[in-house]
Every structure is written in C-alpha cells, then in structure tokens.
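Look at the sequence and the 3D structure below. Let us walk through them step by step, from the whole chain down to single side chains.

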Amino acid sequence: MVRKPLHKITKDDEVGYFAPRTWEFWRAVIVCFCLFSLVGHWLEIPYCLFMSNVFGIVDADYSVWTDPWYHPYWVYGFGAVIVTLIVEPLKERIIMKRKTLWGALLESFVVLVLLSMVIELIAGWLINQPDAMGEYPYWDNSELPLNIFGQAWLVNDVCIGIAAMFYVWIFYPLVCEGFALLKPKAANIVFVLIVVGFIILCVVSYTQLVLWTW
C-alpha cells in the first residue's frame with residue numbers, strides 16, 4: 001500500500017492515529033514493536049557504515065556485522081513503542097497548530113532532534129560519568145565534532161531524529177492503515193501471525209547464538 005503524495009495529504013490524513021483507548025491502537029503498537037525490532041537492526045547497518053567510514057568510530061567486530069538479519073534489536077522495538085506513546089500525540093498537536101504539513105514536518109524534526117539530545121545528555125550525566133582518570137565508562141564523544149558536553153553528539157541526534165521521523169510519519173501510519181483495510185477478524189489473524197512469526201525468529205536467533213557460544 002502506498003500513501004498519498006505529500007502535496008495531496010491533508011491534516012486530517014495525519015491525525016487520529018493516537019487512540020490509546022482502543023484495541024486497534026495497541027494492536028498496531030505491538031506489531032510495530034515486533035517489526036521495528038527487525039527494521040531497526042537493518043537500519044543500523046547503513047548507519048554503522050556511515051559512522052565507520054566518516055568518523056571511524058565503529059569497531060570491526062561490532063555485532064551488527066555478524067548478526068543474522070532476523071536477530072531482533074530490542075532497543076528499536078522499545079524505541080518504537082516510546083515514540084508512539086510520546087511523539088505521535090505531540091506530532092498530531094504540531095500538525096493541528098501549523099498552517100502547512102511542511103511546517104509541521106520541520107517543527108517535529110527539530111523537536112525530535114532536541115529530544116534525542118536531551119535524553120542522551122541526561123543518560124550520560126546519570127550513568128556515564130568519567131572516572132578519576134577522566135575516562136568515560138560507556139561512551140566518549142568529547143573528541144567528536146559537534147559534541148555536547150562530551151555526552152551527546154549532534155550528528156547522532158540528527159540520525160535518531162531522522163529515524164523517528166520515518167517511524168511516526170511513514171511506518172506507524174502505514175501499519176495502522178494496513179489494518180484498517182482489513183475486516184476485524186482478518187486484522188486479528190494477521191496480528192497473531194506477525195507476533196507468532198516474530199517469536200519464532202527470536203527463538204531461532206537466540207538458539208543460534210547459544211550454540212555459537214558453546
């Protein structure tokens with residue numbers, strides 16, 4: 001299914017996806033958790049290629065290079081849930097406030113980048129404080145250009161903002177619209193198939209990882 005071209009989309013087309021009192025909403029959230037756990041894994045590959053080639057900050061033995069394509073990256077699944085619960089209603093408010101969708105797109109992107117930066121800063125100040133030798137335990141952005149207090153990194157925040165924009169403006173609405181095209185019983189069957197398929201992929205993936213460690 002292909003969404004309307006942007007110039008044909010109205011405000012009404014982009015609001016109404018946040019309906020937490022309905023089963024349809026939570027069904028879409030669960031499906032997005034499953035799917036984006038995989039899609040996020042796939043998106044991390046070009047991201048790491050870019051970071052490795054431009055900034056040289058990705059280790060050659062990083063797991064993204066060796067993990068099978070069906071190995072879930074849970075952080076992206078949980079990220080999709082958080083973005084749906086927090087950013088989607090914010091996006092809809094921005095849409096209704098702005099005169100044009102282009103203005104809403106720009107404002108939501110700026111908000112997402114700033115939100116990513118704030119979260120990265122707070123996480124860094126809470127868990128990534130340097131030791132007595134001045135070394136950071138988890139990450140060190142102090143030598144990178146456009147770093148913020150050595151904890152956050154604007155380049156990373158922009159990339160996260162782009163991924164979040166892709167999710168709230170394209171991925172999540174497509175999932176909702178896809179289910180809306182089906183009859184309720186058929187939609188629930190598709191939901192069950194997706195969840196069961198995701199569970200099978202998880203079992204296969206982690207079984208392989210356990211066998212590889214033996």
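Two residues are in contact when they have heavy atoms within 4.5 Å. Take the contacts in the protein chain between residues at least 6 apart in sequence: 70% of these join residues at least 24 apart. This is a predicted model, in which local features need pLDDT of at least 70, side-chain atom pairs count only at pLDDT 80 or more, and totals for chains, interfaces and linings use all residues. Residues are numbered from 1 along each chain as its sequence is written, and side-chain values use heavy atoms, leaving out hydrogens and water.

Start with the overall layout. The protein chain has 6 helices and 2 strands. Here helices (H or I, at least four residues) and strands (E, at least two) are DSSP runs, numbered from the N terminus. In sequence order the pattern is α-α-α-α-β-β-α-α. The C-alpha trace spans about 60 × 50 × 30 Å along its principal axes.

Next, look inside. A residue is buried under 20% relative accessible area, exposed over 50%, and partly exposed in between (1.4 Å probe, protein chains only). Of the 214 residues in the protein chain, 38% are buried. Some of them form nonpolar cores. Such a core is a set of buried Ala, Val, Leu, Ile, Met, Phe, Trp, Tyr and Cys residues joined through side-chain atoms within 4.5 Å. The largest one has 35 residues, and Tyr167, Trp169, Phe171, Tyr172 and Val175 touch the most other members. Helices H2, H3, H4, H5 and H6 each supply at least two residues of this core. Another core, of 8 residues, lies apart from it and includes Cys48 and Trp153.

What does Tyr172 contact, leaving aside its neighbours within four places in sequence? Its partners are Tyr17, Phe25, Ala28, Cys32, Thr84, Glu88 and Tyr167.

Cys48 is buried at 3% relative accessible area. Side chains of opposite charge can pair when their charged atoms come close. A salt bridge is a side-chain nitrogen of Lys or Arg within 4 Å of a carboxyl oxygen of Asp or Glu. The structure holds 4 salt bridges. In one of them, Lys91 meets Glu14 at 3.6 Å, N to O. This pair links distant parts of the chain: Lys91 is in helix H3 and Glu14 in helix H1, 77 residues apart. Lys91 also meets Glu88 at 3.4 Å, N to O. Both lie in helix H3, 3 residues apart, about one turn of the helix. Lys91 and Glu88 are buried, and Glu14 is buried at 2% relative accessible area.

Another salt bridge joins Lys97 and Glu107, with the closest N and O atoms 2.9 Å apart. Lys97 lies in helix H3 and Glu107 in helix H4, so the pair ties together parts that are 10 residues apart in sequence. Lys97 is exposed at 57%, whereas Glu107 is buried at 16%.

Trp23, Trp26, Ile30, Ile82, Leu85 and Ile86 make a nonpolar patch of about 550 Å². Helices H2 and H3 each give two or more residues to the patch. Patches are made of residues with over 30% relative accessible area and no salt bridge, with like charges joined within 9 Å and nonpolar side chains (Val, Leu, Ile, Met, Phe, Trp, Tyr) within 5 Å. Trp23 is partly exposed at 41%, and Ile86 is exposed at 51%.

Terms used:
Areas by Shrake-Rupley, 256 points an atom, 1.4 Å probe, with all protein chains shown as cover.
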